[in-house]
Structures are given as C-alpha cells and as structure tokens.
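Here's a quick tour for anyone meeting this structure for the first time. Have a look at it, then read on.

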Amino acid sequence: KKKITKICCIGAGYVGGPTMAVIAQKCPHIQVTVVDINQARIDAWNDENLENLPVYEPDLDQVVAEARGRNLFFSTEVDTVIKEAEMVFISVNTPTKTYGEGKGQAADLKWIELCARQIAAASDSDKIVVEKSTLPVRTAEAVKDILRNTGGGVKFQILSNPEFLAEGTAVEDLQQADRVLIGGENSPEGKEAIQALVDIYAHWIPREKILTTNVWSSELSKLTANAVLAQRVSSINSLSELCEATEADIDEVSRAIGADSRIGKKFLKASVGFGGSCFQKDILNLVYISRSYGLTEVADYWEQVIKMNDHQKGRFAKKIIKSLYNTVSGKKIAFLGWAFKKDTNDTRESAAIYVADHLLNEKAIISVYDPKVKEKQIQFDLNCLQTRSEEENRSLVNVEVDPYEVCKDSHAVAILTEWDEFKTYDWQKIYDSMLKPAQVFDGRNILDHEALRKIGFRVYAIGKS
Ligand code: NAI
C-alpha cells in the first residue's frame, strides 16, 4: 500500500495556499511544499508578518502559523520539490482564453500543459499527479498523454480532486468539507492511487463524505457545481428586477422560496451580481464544451446565467445614473467595497469593477474604500479592462483608507461588497458629510434601510421598491 510522506503543490494561489496549509495542519507527518514561479508570492507566504500573506482568509494566518516551518513550506524550487514528492497537486490558474480558438469562453490550458511537462521532466520516480485546478472534462487525458510520452519510463497515475472551497470561508470549508471528490482510473493502479489520496483526507474528513468516481465525472462535477450555484444567483437576481416593478420585496420572496426544503435557503440572496474568478469562467467553459459537442440548447441555457449577471451589474449602474438626474459627470460617488465578496482580498471579476467602469464612462469621480483591497489592485483591475488610459483611471478614481473620507462630499454611496463593518458605521455622520439629496445604493441589501431613510437618505436596494 502506497504511503505518502511528501507532497508538492504547484501554484501558491487562493486554492493551493489554503488547501495545502490545511492538509499540513491535519497531517503533521506529511511534508507539504507549495511551489510557484512567482517569487513575490512565495516571499509573501514566507513573510514573518502574517498580515502580509498574499491571500486573506479568516483564520488562515493561524493555520499557517501552526504548520509553516514544521511540515509546510513555500518555495520557488519547482523542479527539486517535484522530484522529491510522491504526490504532486496541480493548482495553477486556468483562466478563460483571451486569444485564438475558443477566445472568451474556453479554458486556457497553457499553464496546465506546462505543469505536466515540468512534472515529466523533473521526475525520476513514480508519482501520483492530482488535478486540483478546475479543468474542462477530459483534461486528464491530455495530462496523461504528456506525462506518459515525455516522462522517460516513470509511471504516473492521474487523479481529479477538484476543490470546492469558497473564498471568504476557505479554512472552514477545508476543515469541514461537505464532500471531497476524488476521480481516478478504474484499474488496480488507479484504485491504489485513489486510496492514497483518500487516506490523506481521512485524517479529518469522515469517510462517507469522501466520494470516489471516475475521472470524467469528477472533472465535470466541479464545473457543473459552479454552474448550478451561479444559476441560483441569476435566478434570484432576475426576480429582483420583477420585484422592483411589482412592489414585491425580494428578501421576502427569497425567504418564502427558500423555506421549501426541496429548494433550501442558501444562495438566494439578491445582489448587484456575482463575481469571483470561478463562476463566469467555469460557466463559459461549460458553454464552450457543450457547443463543441454540438449541444446548442444546452450551451444557450447556461449562457443565459452569465447574460443575466451582466444585466444585473449594468442595471445597478444605470439606476445610480438615473437617480442622479441622468448625469454623474464630475460627481463624486463613494464605493464601499471592491472585493467580489466579503472576507476575501480577491477582486477578480468583482461586480464593483464593472459598475465603476460604467460610471467612469459617464465621467463620474469614484472614491473607493475596501478593508482588504489596496489601491494598486483597484487601479490594476480597471486598467485590465482597457476602457481608458491608466492616467484617466488614476485621475478619476481615488482610494482611501478611511470610509468616512470616501463618503465625504459625495452625491451617492454605493455598497458593492457585503463587508460586515459597513453595517456598523455612523450613518448619521456620513449623511451630514454628503451632498444633498444624499443617496445610498445598497447593492448587497445589508444596511438597515428604514433607519437610513429616517436619517434623510434616499435609498435604493436591489429588488425593493
Ligand atoms: P491563482 O491565480 O490565485 O493561483 C495560481 C498560481 O499558480 C499563481 O500564483 C501562479 O503564479 C502559479 N503558477 C502558474 N503556472 C505555474 C507553473 N508552471 N509553475 C508554478 N506555479 C505556477 O488561482 P486560484 O484562484 O488559486 O485557482 C487555481 C485553480 O483552482 C483554478 O483552476 C481555479 O478554477 C480553481 N479553483 C479556484 C477556486 C477559488 O475560489 N479561487 C475554488 C475552487 C477551484
């Protein structure tokens, strides 16, 4: 029976970092080394000051503090670490392709292929290669082909072990996973590899929550779990617009729908739209895969989830403009929140970016406060859109470390992220410092709207009239 003593994880990002930290915490007898080609990122993981870890997640600092230097290591020595490991996780990014065939939809597997080639070149003993990244169904086929043809006689088993953690609750999700999914080959060697990974998770995950499947089911389950989650958000968001037109209240509708035990209450909160690096990318990928098999209706069905989300972001921006008398040119608008959700410093595909872009096209002046996102990241996100020059973004968008400064002299405050601290602000003080009529656009429905109206605010909330 194979016993794993050394693990290597390629990719020290939002998934690789927290996942390996928890494996190291729960399995002190296994040496876990996370490698990355990004030196700055590795340095940040090794920083003595835990505030500087590159990923912000509640309690992640404690897990890292417990395991780092004991059996958790971060390194840029990719080849050496691969060579010594019995099990290699691939946790690199798999963004949407920005060029060529499948541009804007298909997953870019360049980094995955590079990893496979690197593993093959660095290996001089048998290894289990684990796909942790979210990959299109049948990617393991390509990985296997590369490993077997370039690996020089070394034997590789490929497993699919998609990660279901959600940012903002990564540590909790990892420590108390709903399920762990492991896909592998239905051969004696395949089963042995599956068992080796099951044994690792079994240190803290109840055995009945560890599901084993064939590789293809495992790969496809991750894409489709994200598609179904995003679909719930788009469903409730589509109903929020109908609520605004009919004087129904989306929170009441959501509670009523969610009380049905067949539906359940989670993921039915209306908002300015979903963001994050995964939902959009994975659905686009699902759409692309479906189309490539000629399944037009299936592709169109899932594509609508994205269209609805784009509509919701645009609708929010338009609402702000309309309420500000159809002109925001030269007006200061305060943004509370930039991260795509609370308790993370990740801003990828955040709704805030698109709402800001829309308002900037109308020449608004935007002032941003987010408790965990730095100015550099915010400018970077806007520059990535290539809608206007970097100088223009710098002159129209300013970032403050004090929320009250951000709101001062603004015409409107927009809530873009559901950070808890926003609820505890002195809203009277904010009101007093703003231009009148002072308006609040609650894109997350987290504030006490009645109290705000009492102060004198005009309040717009999603799905309420
Ligand atoms: P990320 O972009 O934060 O991290 C990826 C890291 O891989 C980067 O630091 C990059 O420098 C490194 N890398 C790329 N190529 C490399 C190579 N050849 N050698 C060494 N390092 C290399 O990405 P993130 O968010 O961690 O996502 C990774 C995968 O996990 C993606 O496939 C994603 O879809 C999936 N996933 C993400 C979740 C999330 O919440 N972010 C949740 C579940 C799955």
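Which residues does Ile320 touch, leaving aside those up to four places away in sequence? They are Val328, Ile333, Leu359, Ala412, Ala414 and Phe441. Keep in mind that this is a predicted model.

Ile320 belongs to the largest nonpolar core, where it is among the residues that touch the most other members, along with Phe335, Val355 and Ala414. Helix H13 (residues 351–361) gives this core its largest share, eight residues. There's also a second, separate core. Here are the two side by side:

| Core | Size | Some members |
|---|---|---|
| Largest nonpolar core | 72 residues | Ile320, Phe335, Val355, Ala414 |
| Second core | 64 residues | Cys8, Val32, Ala107, Cys115 |

As a bit of background, nonpolar side chains tend to be buried together in soluble globular proteins.

Now for the ligand. It has 27 residues around it, and the closest are Gly11, Gly13, Val15, Ser133 and Thr134. Sort that shell by class and you get 13 nonpolar, ten polar and four charged residues. Helix H5 (residues 110–122) supplies the largest share of the shell, three residues.

Zooming out, the protein chain has 18 helices and 14 strands. Its radius of gyration is 24 Å, close to the 23 Å that the globule rule gives for 465 residues, so the chain is as compact as a globular protein of that length. Along the principal axes, its C-alpha atoms fill a box of roughly 75 × 50 × 45 Å. Of the 465 residues, 46% are buried. And among contacts with a separation of 6 or more, 75% join residues 24 or more positions apart.

Note on methods: Residues numbered from 1 in each chain as written. Predicted model: local features only at pLDDT ≥ 70, side-chain atom pairs only at ≥ 80, totals over all residues. Near = placed C-beta within 6 Å. Helix = DSSP H or I, 4+ residues; strand = E, 2+ residues; numbered from the N terminus. Nonpolar A, V, L, I, M, F, W, Y, C, P; charged D, E, K, R; others polar. Core = buried A, V, L, I, M, F, W, Y, C linked by C-beta atoms within 7 Å. Buried ≥ 20, exposed ≤ 12 C-beta atoms within 10 Å, placed from the backbone. Contact = placed C-beta atoms within 7 Å. Rg over C-alpha atoms; globule rule 2.2 N^0.38 Å.
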